[in-house]
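Subject: Structure handover

Hello,

Here is the structure I said I would pass on. My notes on what was found in it follow below.

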Amino acid sequence: LGHCTVEPDGETCRCGKRGCLDTVAAEWAILDAARRAGLAVATLPELERLAATGSVPAMTILKRAGGALGLAISHLINIQSPQLVLVSGIDAELGAIMLSATRQAVENSILPRRLASTIIEYHNFDENLWARGAASIAAHHFLVNYGADD
């Protein structure tokens with residue numbers, strides 16, 4: 001979902017498009033927005049703590065990121081109707097403010113009947129998860145197709 005457009009006139013993404021989710025809700029983008037706002041934070045938990053103590057710029061950044069993430073998730077839910085949406089990131093910890101903004105955006109943007117049928121989970125992962133996922137897909141395809149030509 002990182003390259004779904006959530007802000008048509010948004011910032012230029014590393015992929016060359018404008019307004020990708022990655023430019024708003026990726027950890028690097030959130031921390032970059034915090035630096036541009038003059039906030040001295042190095043991690044998402046620090047930004048969350050700052051927002052929790054009343055920092056309007058910190059809260060605005062987290063709500064924008066959470067809203068964009070929720071919008072992208074809502075599109076996925078409306079189109080695919082999955083039972084589970086897994087949101088994950090390398091060393092990313094989503095705090096209460098961003099999670100709340102994400103959930104609110106999802107609830108406001110999906111068909112009401114989909115709300116109860118889709119679970120949204122958030123997980124951190126290490127850099128090896130991508131390799132394990134690719135290997136499991138390859139193994140699955142091999143096993144499903146094993147003996148198909150017999």
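**Salt bridges**

Arg 103 and Glu 107 are 4 residues apart in helix H5 (residues 96-109), which means that about one helical turn separates them. Their side chains meet in a salt bridge, at 3.2 Å from N to O. Arg 103 counts as partly exposed because its relative accessible area is 30%; Glu 107, at 40%, is partly exposed too. Please keep in mind throughout that this is a predicted model.

A search of the whole structure gives 5 salt bridges. In general, side chains of opposite charge can pair when their charged atoms come close. Another of the bridges joins Arg 36 to Asp 32, with 2.5 Å between N and O. These two residues sit 4 apart in helix H2, so about one helical turn lies between them. Asp 32 has a relative accessible area of 25% and is therefore partly exposed.

Arg 36 also forms a salt bridge with Glu 11, where the closest N and O atoms are 3.0 Å apart. This pair links distant parts of the chain: Glu 11 belongs to the segment before helix H1 (22-25), Arg 36 to helix H2 (residues 27-36), and 25 residues separate them. Glu 11, at 31% relative accessible area, is partly exposed, and Arg 36, at 49%, is partly exposed as well.

**A buried charge**

Which residue is buried yet has no salt bridge? It is Glu 48, found in helix H3 (residues 44-52). The nearest side chain of opposite charge is that of Arg 49, 9.0 Å away. A salt bridge needs a nitrogen-to-oxygen distance within 4 Å, so Arg 49 does not qualify as a partner for Glu 48. A polar atom of the Glu 48 side chain does lie 3.0 Å from the backbone nitrogen of Met 98. Apart from neighbours within four places in sequence, Glu 48 is in contact with Leu 62, Gly 95, Ala 96, Ile 97 and Met 98.

**Other buried positions and a surface patch**

Ser 74 is part of helix H4 (residues 56-80). Its relative accessibility is 1%, so Ser 74 counts as buried. Beyond residues up to four places away in sequence, Ser 74 touches Val 106, Ser 109 and Ile 110.

Val 85 is in strand E1 (residues 84-90) and is buried because its relative accessibility is 4%. Leaving out neighbours within four places in sequence, its contacts include Ile 73, Leu 76 and Ile 77, along with Thr 118, Ile 119, Ile 120 and Glu 121. Pro 57 is 28 residues from Val 85 along the chain, and their C-alpha atoms are 29 Å apart.

Ile 119 lies in strand E2 (residues 119-125). Together with Leu 84 and Leu 86, Ile 119 forms a nonpolar patch on the surface, with about 290 Å² of accessible area in total.

**The chain as a whole**

The chain has 7 helices and 2 strands, in the order α-α-α-α-β-α-α-β-α from the N terminus. Along the principal axes, its C-alpha atoms fill a box of roughly 65 × 35 × 30 Å. Of its 150 residues, 35% count as buried. The accessible surface comes to about 9100 Å², and 57% of that belongs to carbon and sulfur atoms. Among contacts between residues at least 6 apart in sequence, 56% join residues at least 24 apart.

Regards

Notes
Residues numbered from 1 in each chain as written. Predicted model: local features only at pLDDT ≥ 70, side-chain atom pairs only at ≥ 80, totals over all residues. Heavy atoms only, no water. Patch = residues over 30% accessible without salt bridge, like charges linked within 9 Å, V, L, I, M, F, W, Y side chains within 5 Å. Areas by Shrake-Rupley, 256 points an atom, 1.4 Å probe, with all protein chains shown as cover. Buried < 20%, exposed > 50% of the residue type's maximum accessible area, 1.4 Å probe, protein only. Contact = heavy atoms within 4.5 Å. Lys, Arg positive; Asp, Glu negative; His and termini not counted. Polar contact = N/O pair within 3.5 Å; in protein donor to acceptor, adjacent residues only side chain to side chain.
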